[in-house]
Amino acid sequence: MAVGTYVLAVDWNNDGDFSDSGENITARTMKVEWKRGNDYASQLVGKAVAGTLNATLNNVSGDYSTFNTSSPLTGNLLPGRKVKLTGNDGTTTRTLWQGFLESIQPIPSAKGANLARLTAIGPLGYLNKFEVSTAMFVSKKAGELIGEILDVAGWDDDDRDLDTGIVEFPRFWCERTKTLKALRLVEETETGLLEESPDGKIVYRDRHARSTDTKSVASQATYSDASAAALAYSHISQIDPLKFIYNELRAKLQLHSGAWVLGESSLGVQTELASDPAVLWTYPETGSNSPSIDAGATRTFVAQYPSSGSANTARAVDFWQNLTATTDYLANDSADGTGTNRTANISVTLTKRAQSMDIALENGHSSTVYITKLQAQGNPVEAKDNFEVVASDSTSQTTFGKRTYPHPGKFVPSASEAQDWADFHVQAWKEPVPLLKLTLVGNRSTATLTDIMTRDISDLVTVTANNDTGLGINEGFFVEAVHHQLDAGLNHRATMTLSQSSGYAGFWVLGSSSLDNATRLAY
């Protein structure tokens with residue numbers, strides 16, 4: 001029987017390490033479970049969800065009771081503290097999960113031991129607590145845009161691992177969007193792979209990654225129901241494949257007409273020579289309601305385009321113009337504008353985004369002034385008429401009925417890209433494909449323990465299930481999600497959801513493989 005050693009720690013004082021007093025909570029941990037990966041095994045439907053870690057702690061000391069002022073952790077039982085779980089298989093120590101504290105909830109007991117439940121979330125869940133608003137990004141690839149979004153969210157460069165991406169976006173923007181949704185706008189447009197790494201990084205893999213990355217091309221393990229198998233599973237089940245059949249793939253496109261401005265942009269896809277800037281926003285309060293700014297104070301106004309309440313959220317701004325004194329703003333001693341003109345005393349600082357601009361006005365005059373006029377000009381992006389592309393399979397529709405799946409991407413750049421997506425996926429999903437859930441007990445052997453400690457999302461593994469299980473399966477699968485359970489006796493179980501690899505593998509990718517009978521073109 002193989003037994004690993006594990007360390008669960010929390011950076012209570014938020015100093016960047018886990019070595020301070022009380023931060024190693026292993027001795028207080030009674031059981032822990034953690035998971036990462038996608039919500040569905042389907043490579044079409046499945047999307048990365050925030051990882052979680054839940055631990056039950058002995059709280060007889062009261063250390064994990066939020067309102068216990070005698071606790072040495074008073075003031076530090078706060079959300080956002082880093083949580084880290086490591087494991088050792090007898091040879092190597094590995095980070096198994098890393099994320100952020102979500103909550104710690106005391107569970108008092110009148111008769112038994114007092115407990116506490118610790119809940120932590122992965123980096124995607126942590127980032128999704130915040131909203132992001134971006135500038136207008138032009139001619140950037142998917143991985144670059146993931147990086148731009150993470151920059152806006154304040155995510156550290158060292159905590160990301162990003163492929164460049166395949167699809168180039170003519171334009172991309174988002175306004176007051178939850179961070180995970182913003183990241184998914186990019187992921188879904190390219191059909192890429194957003195992931196969390198075991199050590200707490202945000203990972204982006206482009207849509208060719210499972211045909212080029214070593215861990216996705218060469219099988220990393222073989223799980224078998226054969227007698228004396230080196231890696232034998234304790235349980236296997238087949239996920240219903242019928243609900244993932246799609247025989248009509250539709251993509252709705254929203255293209256845009258953008259501005260080309262000499263010295264500021266490239267004349268290319270979805271750009272045209274810009275017309276003169278137009279007034280895109282005007283502050284509505286004037287006359288006796290003109291806003292005031294005290295002497296030496298700064299007041300910020302937010303220009304929005306389209307205006308609040310507009311149904312056309314596909315519109316945005318390519319270039320906000322800098323404000324011109326007297327044309328775009330006026331300041332006066334009097335609210336009705338009849339006093340002395342104080343416009344020259346106003347300093348302007350702008351923060352430009354795709355659908356909004358912060359206008360910070362600082363009053364350098366010795367007394368209060370009133371802003372009697374304020375407007376913002378720019379070159380807007382206009383949405384063109386929507387249209388759809390479609391791919392279907394009549395034979396599958398006759399057999400299974402029509403099953404439609406829409407392209408979830410908002411920024412698909414062209415009809416040809418959308419058609420390639422539809423043509424590819426209707427072939428991959430027009431018929432049932434095997435999807436599995438498989439459980440291994442790490443304590444069965446050192447080899448099994450090592451395997452479940454190292455298994456990662458997108459790993460290619462081989463599953464043999466044509467002996468006692470009778471599933472008739474012996475082929476490759478990709479790991480889509482892993483759920484670990486560890487109890488007080490250090491019994492370690494791992495359950496994986498798996499998707500068939502053949503529909504998303506064997507591609508010919510320029511510079512990575514040879515086009516022959518064993519490969520096919522990737523889109």
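For the charge analysis, Lys and Arg count as positive and Asp and Glu as negative, while His and the chain ends are not counted. The place of a charge is taken as NZ of Lys, CZ of Arg, CG of Asp or CD of Glu. On this basis, the mean positions of the 44 positive and 60 negative charges of the protein chain lie 5 Å apart.

The structure is a predicted model, in which local features need pLDDT of at least 70, side-chain atom pairs count only at pLDDT 80 or more, and totals for chains, interfaces and linings use all residues. Residues are numbered from 1 along each chain as its sequence is written, and side-chain values use heavy atoms, with hydrogens and water left out.

The protein chain has eight helices and 34 strands. Both are DSSP runs numbered from the N terminus, with at least four residues for helices (H or I) and at least two for strands (E). The C-alpha trace spans about 95 × 70 × 40 Å along its principal axes. Of the 523 residues, 49% are buried. Buried means under 20% relative accessible area, exposed means over 50%, and partly exposed lies in between (1.4 Å probe, protein chains only). Contact means heavy atoms within 4.5 Å. Among contacts with a separation of 6 or more, 69% join residues 24 or more positions apart.

The structure holds 26 salt bridges. Each is a side-chain nitrogen of Lys or Arg within 4 Å of a carboxyl oxygen of Asp or Glu. One of them joins the side chains of Asp 161 and Arg 205, at 2.7 Å from N to O. Asp 161 lies in strand E9 (residues 160–162) and Arg 205 in strand E13 (residues 202–205), so this pair ties together parts 44 residues apart in sequence. Asp 161 is partly exposed, at 33% relative accessible area. Arg 205 is buried, at 15%.

Lys 402 and Glu 248 form another salt bridge, with 3.7 Å between the closest N and O atoms. Lys 402 lies in the loop between helix H6 (394–400) and strand E28 (404–406), and Glu 248 in strand E16 (residues 248–253), so the pair ties together parts 154 residues apart in sequence. Lys 402 is exposed, with 56% relative accessibility. Glu 248 is buried, with a relative accessible area of 9%. Asp 333 and Arg 342 also meet through their side chains in a salt bridge, at 3.1 Å from N to O. Asp 333 counts as partly exposed at 25% relative accessibility. Salt bridges with shared partners join Arg 36, Lys 215, Asp 451, Arg 455, Asp 456 and Asp 459 into one network.

Strand pairing requires at least two DSSP bridges between two strands. E4 (82–88) runs antiparallel to strand E5 (residues 93–107), and seven bridges join them. Asn 88 stands opposite Thr 93 in E5. Four residues separate the strands in the hairpin of E4 and E5, where Gly 90 takes a positive phi near 105°. E5 also pairs with strand E6 (residues 115–121), in the antiparallel sense and over seven bridges. Ile 104 has Leu 118 in E6 as its bridge partner.

The loop between strand E3 (48–58) and strand E4 contains Asp 63. Asp 63 is buried, with a relative accessible area of 12%. Leaving aside neighbours within four places in sequence, Asp 63 is in contact with Arg 28, Ser 71, Pro 72, Leu 73 and Leu 77. Ser 65 also lies in the loop between E3 and E4. Ser 65 is buried, at 18% relative accessible area. With neighbours within four places again left aside, Ser 65 is in contact with Asn 59, Leu 77 and Pro 106. The C-alpha atoms of Ser 65 and Pro 106 are separated by 5.5 Å, and the two residues are 41 apart along the chain.

Gly 22 lies in the loop between strand E1 (5–10) and strand E2 (29–38). Gly 22 is partly exposed, with a relative accessible area of 38%.
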